[in-house]
Amino acid sequence: MAASASGDKAADDSLYPIAVLIDELKNEDIQLRLNSIKKLSTIALALGEERTRNELIPFLTESIYDEDEVLLALAEQLGNFIPLVGGPEYAMYLIPPLESLATVEETVVREKAVESLRTVAGQHSAQDLEVHLVPTLQRLVSGDWFTSRTSACGLFSVCYPRVSAAVKSELRINFRTLCQDETPMVRRAAAGKLGEFAKVVELEYLKSDLIPTFVQMAQDEQDSVRLLAVEACVSIAQLLPQDEVELNVMPTLRQCVNDNSWRVRYMVSEKLTDLQKAVGQEITKNDLVSAFQFLLKDSEAEVRASASAKVTEFCVNLDKTCQEQIIMTSILPCVKELVADTNQHVKSALASVIMGLSPIVGRNNTIEHLLPLFLIQLKDEWPEVRLNIISTLDCINDVIGIQQLSQSLLPAIVELAEDSKWRVRLAIIEYMPLLAGQLGQDFFNQKLRDLCFNWLNDHVYAIREAATLNMKKIVQTFGTQWAETNIINQILVMCKNSNYLYRMTCLFCINALADVCGADIIERLFLPTIKVLSTDPVANVRFNVAKTLQKLSPFLDQAAIDEHVKPILEKLNTDTDVDVKYFAAEAMVSSAAA
């Protein structure tokens with residue numbers, strides 16, 4: 001009797017996890033259902049491998065009808081379920097629920113289900129793949145709804161390499177069928193996976209089966225299909241011998257360069273440097289240079305901007321024997337036109353890379369042809385264009401030295417430093433240490449130092465914070481002796497400012513400069529200022545004094561800590577403000593340890 005009761009109790013206990021799961025998955029609260037799905041691995045562990053296969057997975061397969069958020073979580077969980085069903089030999093048990101998820105309407109759920117199916121497929125043996133996954137793929141291919149057929153496209157490349165020749169033939173036929181599907185969404189999905197599938201197909205079938213399909217897709221009535229065919233173009237060109245690229249790929253590529261849809265031309269522009277590497281130097285010289293010129297002069301600004309951003313990379317990859325000649329005769333005339341483009345995004349894209357041409361064309365060509373373009377862009381009406389030129393100054397500095405640009409640089413820097421948009425001011429601050437190093441101490445002291453101090457008094461906190469770090473980097477560039485002579489006294493004067501925010505900025509600067517200035521300057525110059533600020537009427541300033549002393553203590557010897565730091569902290573430790581007392585006590589502990 002007792003044994004029977006204990007057996008019933010054990011049976012009830014073993015049923016408990018799945019009963020709870022059923023209750024939670026039927027709950028009206030979506031968050032509860034979502035949490036339940038996220039705990040599936042825990043439930044599977046409680047059930048054990050056999051019951052997970054025989055009870056949990058069938059239950060999940062039957063109950064796939066929920067909010068997209070829950071289904072997405074389920075698709076993700078099932079991809080990690082292989083160890084929980086007993087390992088790779090039982091991986092096929094995960095296919096039914098994932099197959100159902102791969103047919104739902106929501107795209108992100110389908111994509112996650114296909115991703116998990118690909119993971120599961122990788123764990124199948126070649127035999128299991130043919131027995132379980134290939135039939136799944138074929139069911140998806142012949143599904144009534146476009147959703148299943150789009151999902152099928154993602155599974156060909158994982159199945160194909162490990163199946164028999166007869167099955168491979170079927171898969172190639174199935175893939176071609178999807179490429180000719182009446183639904184644009186399916187053709188688009190197939191075009192997106194064409195390059196991936198091409199990489200696993202044998203060369204003879206690539207030429208006989210997939211290249212005709214590729215040519216056909218590049219002429220599809222939907223531009224969303226044609227632009228994805230451009231991506232496949234790169235993969236196919238990489239797989240073919242050089243002499244066959246001209247025959248099988250280039251006619252289609254030329255057609256895409258002249259496509260009526262700007263989105264297709266944009267995709268060609270985005271993939272052009274990848275194509276350049278895939279097709280080799282001869283085809284680049286004969287075909288891609290003229291294609292690139294065409295894209296740089298495109299009627300659509302988006303295409304010109306994309307092509308402009310590729311100028312330097314394209315030129316770097318040119319054959320070294322004719323590189324300079326091609327740049328000077330074919331590319332540079334287009335670049336000169338783009339500098340005066342009516343669209344700010346085109347000019348900005350060009351400004352971010354144009355400096356990279358300097359090392360390629362050499363000193364004389366840079367001075368004669370590129371320097372005038374840099375000067376035009378430094379005076380451009382758009383801040384982003386000027387910023388992008390300044391951000392890449394190191395390229396030209398290595399070729400001709402920055403002094404050639406210094407007089408034109410200054411007005412551009414001043415305008416950006418005083419721009420009404422704080423993000424523009426923030427961006428130029430980040431380039432100031434680079435400019436300081438390249439322009440030298442004298443130029444910095446005369447022209448740029450006052451800008452750096454103005455930033456310390458900016459009304460936006462992010463600018464003041466960046467300006468303090470900027471000061472530290474400049475001191476690292478010019479040294480502590482320069483700092484003591486040129487900036488430290490002006491920073492310390494801020495402790496007398498009537499606005500407490502600027503008095504705090506003085507402390508932040510001390511904090512930042514402590515790392516690079518050393519114990520002597522800290523003791524002689526910083527500590528007296530900190531002592532003044534320790535009696536500040538604003539509690540925020542006083543507790544920042546405590547935090548600053550905590551930061552400075554490791555740089556000081558014991559005598560200096562006892563003489564200067566401890567008396568200030570002891571006084572702050574008796575402050576009426578709770579925060580000041582807290583930070584003072586923390587600093588006292590740290591200074592004692594130091």
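Is F478 buried or exposed? Select F478: this residue is buried, with a relative accessible area of 13%. Buried means under 20% relative accessible area, exposed over 50%, and partly exposed in between (1.4 Å probe, protein chains only).

Before moving on, note that the model is predicted: local features need pLDDT of at least 70, side-chain atom pairs count only at pLDDT 80 or more, and totals for chains, interfaces and linings use all residues. Residues are numbered from 1 along each chain as its sequence is written, and side-chain values use heavy atoms, with hydrogens and water left out.

**Around F478**

Rings of Phe, Tyr and Trp (its six-membered ring) pair if their centres lie within 6.5 Å; planes under 30 degrees apart count as stacked, over 60 as edge-to-face and the rest as tilted. W482 is buried, as is F478.

The whole structure holds 13 aromatic pairs. One of them joins F444 and F478, again edge-to-face: 5.6 Å between centres, 65 degrees between planes. F444 sits in helix α28 (residues 441–456) and F478 in helix α29 (residues 461–478), so the pair ties together parts 34 residues apart in sequence. Helices (H or I, at least four residues) are DSSP runs, numbered from the N terminus.

**Further stops**

Select F156, Y160, F175 and F197: they form one aromatic cluster.

Next, go to R172, which lies over the face of Y205, 3.5 Å from the ring centre. A charge sits over a ring if NZ of Lys or CZ of Arg is within 6 Å of the ring centre and within 35 degrees of the ring normal. Finish at K547, over the face of F583 at 5.1 Å from the ring centre.

Technical notes. Helices (H or I, at least four residues) and strands (E, at least two) are DSSP runs, numbered from the N terminus.
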